[in-house]
Amino acid sequence: MVDLCISFVTGLLLAQLNVSDKDKTHPMESKNNNLVLGFVVLAVFLISGVKSWTGEIHGRVVCDVCADSSIGPEDHLLEGAEVAVLCITKSGEVVNYQAFTNSKGIYTVAETMPESERWDACLTRPISSFHDHCNHLGDGSTGIKFTYNHPSGHFHAIRPFVYRPSTAPTYCI
């Protein structure tokens, strides 16, 4: 079907070139031919059946100030923390993404691709925290592997990655 459409468009392009070379008497006719050709090219892309798919992964990065492995009022979100996301697509391609947290400590990776090349499995891991007071990776925050089986337009949320200070403040003890 796609080959037939490509042959049809090629024929139209050749016909368009012949018409525009032979008949240059009316500029409006040339514009109409270009408009028709544009619609034909658009129709070929719509008919070709290539479906797009959009995936999204997001999570948070937190500073566990008291290093007590629980999120409390003393803890805060980390802005500017770096996170890496590595995904393998259904076609076997490996794609690597880099993300940084925003002012709310949230990172997001999103991409639109053909359905046949959508993410199959991913690994998300923290890379670094640029905060001097909270830059030691907490327990259990080395990385998260998961299968990505969400339909297009849906997201996968990752549990928070946790950094800790080198020493907890005295008010935590």
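In this predicted model, R164 and D64 form a salt bridge whose closest N and O atoms are 3.7 Å apart. R164 sits in strand β10 and D64 in the loop between β1 and β2, so the pair ties together parts that lie 100 residues apart in sequence. Both R164 and D64 are buried.

| Salt bridge | Closest N and O atoms |
|---|---|
| R164 with D64 | 3.7 Å |
| D120 with K90 | 3.3 Å |
| E115 with R118 | 3.6 Å |

The bridge between D120 and K90 also links distant parts of the chain, with D120 in strand β6 and K90 in the loop between β3 and β4, 30 residues apart. D120 counts as partly exposed because its relative accessibility is 30%. In the remaining pair, E115 is partly exposed at a relative accessible area of 34%, whereas R118 is buried at 10%.

Let's return to the loop between β1 and β2 (76-77), where C66 is also found. With a relative accessible area of 15%, C66 is buried. Beyond its neighbours within four places in sequence, C66 is in contact with E74, D75, A168, Y171 and C172. The C-alpha atoms of C66 and T167 are 8.4 Å apart, although 101 residues separate the two along the chain.

The largest nonpolar core has 25 residues, and I57, V61, C87, Y97 and W119 touch the most other members. Several strands supply at least two residues each, among them β3 (82-89), β5 (106-114) and β10 (161-164). The greatest contribution comes from β1, with four residues.

How values were computed:
Residues are numbered from 1 along each chain as its sequence is written. This is a predicted model: local features need pLDDT of at least 70, side-chain atom pairs count only at pLDDT 80 or more; totals for chains, interfaces and linings use all residues. Side-chain values use heavy atoms; hydrogens and water are left out. A nonpolar core is a set of buried Ala, Val, Leu, Ile, Met, Phe, Trp, Tyr and Cys residues joined through side-chain atoms within 4.5 Å. Buried means under 20% relative accessible area, exposed over 50%, partly exposed in between (1.4 Å probe, protein chains only). Contact means heavy atoms within 4.5 Å. A salt bridge is a side-chain nitrogen of Lys or Arg within 4 Å of a carboxyl oxygen of Asp or Glu.
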